[in-house]
Amino acid sequence: MADEPDWIPAGVDTKQANVARVYDYWLGGSHNFLPDQDLARAIVAVEPNIRAMARANRAFLGRAVRFLATAGIRQFLDIGSGIPTEGNVHEVAQRAVPGAHVVYADIDPVAVAHSKTILAANATAAIIEADLREPEKILTHPTVGQLIDFTQPAAVLLVAVLHVIADADDPWQIVARLRDALAPGSYLVLCHATSESKPAVAQAIENLYTRSVTTGSRIRSRAEILRFFDGFDLVDPGLVYMPQWRPDSPGDVPADPSQLWALVGVGRTI
């Protein structure tokens, strides 16, 4: 359409809601379209905390990356990275460790195009268009090979992405394949919406996603989420609600952390 912004990559269906662009809307971004906004607002009507959840997710991501940098990690593979916003992995990692290598992967062409613009002058960070459901293509992608040395410790970040992978696609096997590619001393960072604290709300949002986006949604129990850490040792404080994972100050943890109903954890390869 003639009135669409010129940053939209060719072939993008702007009439179909997209998970990355819905998330962008919640964070106050501008790289989203009416169907994304409609779905985002419908979810806010079901769960008014959803914007706070999106912000808490970004805050957890930053804390986890800083922790990994302190632990000696110098290379990061962020799958399902979404549309860039403040506090991206390369910004946090390279501030802590200048020259840290970061590769983003996302299925959304808008996220990829916007990221390429931001990373154009960054020699040690890049993005590829890829689908988490095809981990082998990610692991063998030339750009990944240029920046990530899998014979050395690395971190794989799966932050707010596995809950849009259906059980039929066996997300546990996907994570196991990524784990098996990692050297000893590597890490998995995970954030996953859970049905534990608000099952009715989780079901309603899962239904909204299933009707509106091609990937659907699968919000899982604590036990199901914990399975993703098979082959990893969970670092303290284990699998917890987002604000509870190594908060910068006690005041950052609300009285009821389960109101921000995503579980997070960081695991180290055994």
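Hi everyone. Please keep in mind that we are looking at a predicted model.

Let's begin with the nonpolar cores. The largest has 56 residues, and the members touching the most others are Trp 26, Leu 68, Phe 76, Leu 157, Trp 245 and Val 266. Which helix gives the most to this core? That is α3, residues 50–70, with eleven residues. Apart from this core lies another, of 36 residues, and Ile 128, Leu 158, Leu 188 and Phe 229 are among them. As a general point, nonpolar side chains in soluble globular proteins tend to be buried together.

Now stay with α3 for a moment, and bring in helix α4, residues 89–96. Their axes come within 9 Å, crossing at roughly 35°, and the crossing is right-handed. On the α3 side, the contact is made by Leu 61, Gly 62, Val 65, Arg 66 and Ala 69, and α4 brings Val 89, Val 92, Ala 93 and Ala 96. By type, the residues of this contact are seven nonpolar, one polar and one charged.

Pro 237 sits in the loop between β6 (232–234) and β7 (240–241).

Two other backbone spots to check on your screens. Arg 246, in the loop between β7 and β8 (262–269), is not a glycine, yet has a positive phi of about 45°. Arg 246 is partly exposed, because its relative accessible area is 36%. Ala 160, in the loop between β4 (155–159) and α8 (171–180), also has a positive phi, near 60°. With a relative accessible area of 22%, Ala 160 is partly exposed too.

Next, Tyr 187, which is found in strand β5, residues 187–193. Its relative accessibility is 6%, so Tyr 187 counts as buried. The side chain of Tyr 187 is joined to that of Arg 268 by a polar contact of 3.4 Å.

Last one: Ser 221, in the loop between α9 (199–212) and α10 (222–226). Is Ser 221 buried or exposed? Its relative accessibility is 19%, under the 20% cut-off, so Ser 221 counts as buried. Beyond its neighbours within four places in sequence, Ser 221 is in contact with Thr 194, Ser 195 and Glu 196.

Thanks, everyone!

Notes: Residues numbered from 1 in each chain as written. Predicted model: local features only at pLDDT ≥ 70, side-chain atom pairs only at ≥ 80, totals over all residues. Heavy atoms only, no water. Helix = DSSP H or I, 4+ residues; strand = E, 2+ residues; numbered from the N terminus. Buried < 20%, exposed > 50% of the residue type's maximum accessible area, 1.4 Å probe, protein only. Contact = heavy atoms within 4.5 Å. Core = buried A, V, L, I, M, F, W, Y, C linked by side-chain atoms within 4.5 Å. Axes fitted to C-alpha atoms, helices over the stretch in contact; angles between N-to-C directions. Left-handed = near helix turned anticlockwise from the far one by under 90°. Nonpolar A, V, L, I, M, F, W, Y, C, P; charged D, E, K, R; others polar. Polar contact = N/O pair within 3.5 Å; in protein donor to acceptor, adjacent residues only side chain to side chain.
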